[in-house]
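Today I am opening a two-chain model and jotting down what I look up.

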Amino acid sequence: MNALPPMILDLRVAPPDRRPVHVWLPLFLLWPIVLVLGVLALVFTVLADVVLLLLGERYHHYTILLARCFGMLWDTRGLVLRFNDKATAVEMTVQ
Amino acid sequence: MSEDRSRILKMLAEGKITAEEAERLLDALDARAAGTMDSAVSHLRESIKGDPGPLLDALPKYLYVKVDAENGDKVDVKIPIALVRSGLKLTSLIPPQAMDQINDSMAQHGMSIDFANLKPEDIDDLVAALRETEVSVDSANGDKVRVYTA
């Protein structure tokens with residue numbers, strides 16, 4: 001796992017016959033909101049898992065699933081996507 | 001089966017050696033293989049004495065997918081290996097109902113992979129194998145696909 005979560009989403013789009021667009025999205029501003037929402041969601045998933053466990057359901061892993069989803073988001077740091085056709089170039093970098 | 005082992009069994013089948021001799025030869029072969037493994041393990045242990053940082057740095061960290069289409073389209077994706085591992089670990093936790101829908105949808109698109117069979121203990125082996133994998137496809141119409149780690 002990375003030491004830090006993704007901090008910046010750098011998006012560059014070069015459409016045909018128009019000025020290239022360079023968008024710099026500060027993901028680090030979203031993380032506090034995501035953290036609060038995540039904690040709230042964790043409360044619900046823990047409750048759901050306890051209820052499912054008491055009901056004898058085989059699947060009761062929503063809390064771990066949520067934690068792994070956060071882990072996956074965390075590990076997107078370093079992801080680079082580039083698409084080029086003859087006219088347009090798109091580049092997305094998660095830093 | 002190793003080449004030596006099959007040669008011994010072939011000699012036994014042809015009657016060139018007795019069953020007892022074959023057994024002794026197979027035992028000797030196993031002993032030799034165990035000795036080789038021990039020396040390989042001890043060599044590995046010697047090599048990771050001290051700071052393991054340089055060795056870890058030498059491991060590939062990204063999975064690259066490059067598509068160079070004949071019509072000029074290009075796709076270049078750099079995926080952190082950590083993300084691949086996280087994704088694979090996530091598949092083992094997807095609720096069964098959702099997993100059925102995913103498998104059905106993938107089957108409809110020609111990919112018959114049952115992710116329910118992907119066990120957590122297999123993921124590390126899969127990622128380790130991925131580090132040594134390189135796929136190059138040169139299609140007849142000029143499209144080129146390359147998947148590798150670095």
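Predicted model: local features only at pLDDT ≥ 70, side-chain atom pairs only at ≥ 80, totals over all residues.

Residues are numbered from 1 along each chain as its sequence is written, and chains are lettered from A and ligands numbered from 1 in the order in which they are written.

**Across the interface**

I looked up the strands around that pair. Strand 3 (residues 80–84) of chain A runs antiparallel to strand 2 of chain B, and five bridges join them. Strands pair if DSSP finds at least two bridges between them; strands (E, at least two residues) and helices (H or I, at least four) are DSSP runs numbered from the N terminus.

Next I took the whole contact, which draws 22 residues from chain A and 19 residues from chain B. Two residues are in contact if their C-beta atoms, placed from the backbone, lie within 7 Å. On the side of chain B that touches chain A, strand 2 (74–80) and helix 4 (81–91) of chain B each give two or more residues.

**Helix 4 of chain B**

Which residues of helix 4 of chain B are buried? I found Ala82(B), Leu83(B) and Ser86(B). Buried means 20 or more other C-beta atoms within 10 Å of a residue's own, exposed 12 or fewer, and partly exposed in between, with C-beta atoms placed from the backbone. Seen down the helix axis, the buried residues of helix 4 of chain B fall within an arc of 100°, so they line one face; the arc is that of the directions from the helix axis to the C-beta atoms. They pack against helix 2 (62–74) of chain A together with strand 2 of chain B.

**Within chain A**

I then checked strand 1 (residues 8–14) of chain A. Six bridges join it to strand 2 (residues 21–26) of chain A, antiparallel, with Asp10(A) opposite Trp24(A). These two strands form a hairpin with six residues between them, and Asp17(A) in the turn has a positive phi of about 60°. Strand 1 of chain A also pairs with strand 4 (residues 89–94) of chain A, in the antiparallel sense over six bridges. There I noted Ala14(A) opposite Ala89(A).
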